[in-house]
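Please read each point beside the coordinates.

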Amino acid sequence: MFARAPPSIYQPSKCFVTYGSMGHIDTKQLPYKSKPWSSLGSLDFVHKVDLLIPQEHYERLSNVLMLSEGKVTIDNMFTLINGTLTMYLEKEVYERAGLTGKPYGIKGDRGLKPRWIVTHDLRSPSMFHGKKGFDRLVYACKKVLNQPMKWLFSDVGQSIDSGLLEKLSATRIDVKPEVKQHIQTTQVALNMPPSILAEGDRTDLELVTSDLYEWLSLVRLESPRIAANDDVDPYISRYKAPDGTDHAMEVCKITWQGFMNTNWVRQLLAETITHHSSQSWLSFSATELSTNVAGVHNELMLLRPPKAPEEYLMWEIKRTK
Amino acid sequence: MTQSTPSHSADTSISKKPRLEKSHDLLTCTVKNPQFSYALLELVSENEDAELDNLQIQSYCNAALRQFLGITGAAIPIDVLKVQGKECWVRVPQPELGAFAAGITAWRGTTEDGAQNVLRLRQCSDYLGSMVGGHGQDTLWDS
């Protein structure tokens, strides 16, 4: 009686699933009218973007450009270009940080307060936990360079979107990527079974894609249920990951949270897809800022399967009116 | 995985056939009957340091549903997906969501060490991803 009543406690949403081909992408001239770009463009303000990629591909993708607030010659300033972290430091901070660097500026014009420049290639093989140089950098970041900073960032090859920045400074909200590495999970089959496509089987497509959507959502949630070694009692949870192998896999999640416009998000997706290895999978999602009372978020989630660089599986979650 | 030779060749033959440079849809569908719904619960307690754990969630939900619907309520399967501090993400079968939400809301809570504990239903949806994506929007306005 009660149990079968339709849910009245939330505004229901619908999920539209598309499996398609996006063709060749030219990042200079992005298509606007075709899927998935048109779907992305139909979103309002974007609140959060989650990018999931296999851990082993993370270091190669980190071509992200970051710029902290500040001036090269006055404050402590940081830039990150193609994985190279450059820090412009005041003398006092440089001495406390205990890092190796070079004096900055023209000889003879350094005055009484010389400034220092420290460079680290974060993608070099020595940049791992346990290595001396890296640990020292981590120590310096924790103990000395620990003031909150404002960051600007952009993907490689892109000039920073001035419209976006205007909005950011006006509202004083900073969008910076947050990286969560080594999310433990199992290898799930991410390719669409060819039989579904060959037969155009919509019922099976709904089943398979619902399970995949749930799994990707759990990865984004960083749920312990997807880990290969999760041996939680069935009394707590009976969740089963979609078919695949039991082999462990590590996923890296990069999250941008704040207030973004869809043009910027579209460019980010295009850059990510073109720079990411075509052999590997990636998942990209963009969630709208909810402005309605029920707190329902429209969302778009995209999966590019491994070894099929031009194909995509897309879920569009839309509030029903 | 569909990496074996026959399935792989079928895969490429489908994707190669009509495709040139243009993008197009190969197959679409609308999810009509989602199997599960998801809910974000929050512990509201007089004891400020109180945190949730897997077992506690199950026993609280069980108590709430038993009080509301008796044996029928206790039989609603609840899967705990993640517990973090006072917050907890759970999964319930989609048709039972109405009963689950009503049960949690109507629950009087328990008293432990003199402190009252109740669960608050923060959000629920048929699609977990959009909840995860929307989580933390409050902090945007508070920052």
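1. Tyr213(A), Trp315(A) and Tyr127(B) make up one aromatic cluster. Rings of Phe, Tyr and Trp (its six-membered ring) pair if their centres lie within 6.5 Å; planes under 30 degrees apart count as stacked, over 60 as edge-to-face and the rest as tilted. The model is predicted: local features need pLDDT of at least 70 and side-chain atom pairs pLDDT 80 or more, while totals for chains, interfaces and linings use all residues. Residues are numbered from 1 along each chain as its sequence is written, chains are lettered from A and ligands numbered from 1 in the order in which they are written, and side-chain values use heavy atoms, with hydrogens and water left out.

2. Over all chains, the whole structure holds four aromatic pairs. One of them, Tyr213(A) with Tyr127(B), is edge-to-face, at 6.1 Å centre to centre and 80° between the planes. Because Tyr213(A) lies in helix H7 (residues 202–221) of chain A and Tyr127(B) in the loop between strand E6 (115–125) and helix H5 (128–134) of chain B, this pair joins two chains. Helices (H or I, at least four residues) and strands (E, at least two) are DSSP runs, numbered from the N terminus. Tyr213(A) and Tyr127(B) are both buried, that is, under 20% relative accessible area, with exposed meaning over 50% and partly exposed in between (1.4 Å probe, protein chains only).

3. The contact between the chains (heavy atoms within 4.5 Å) takes 69 residues from chain A and 62 residues from chain B. Together the chains bury about 5,700 Å², 57% of it on carbon and sulfur atoms; buried area is the accessible area (1.4 Å probe) that two parts lose on being put together, summed over both. On the chain A side, Tyr10(A), Leu221(A) and Ile236(A) lose the most area to chain B, together 11% of what that side buries.

4. Three salt bridges are counted between chain A and chain B, each a side-chain nitrogen of Lys or Arg within 4 Å of a carboxyl oxygen of Asp or Glu. Glu214(A) forms a salt bridge with Arg91(B), with the closest N and O atoms 2.8 Å apart. The charged end of Arg91(B) also sits over the ring of Phe36(B), 3.6 Å from its centre (NZ of Lys or CZ of Arg within 6 Å of the ring centre and within 35 degrees of the ring normal).

5. In chain B, strands E3 (residues 79–84) and E4 (residues 87–93) run antiparallel, joined by five bridges; strands pair if DSSP finds at least two bridges between them. Glu87(B) in E4(B) is the bridge partner of Gln84(B). The hairpin has two residues between the strands, and Gly85(B) takes a positive phi near 60° there.
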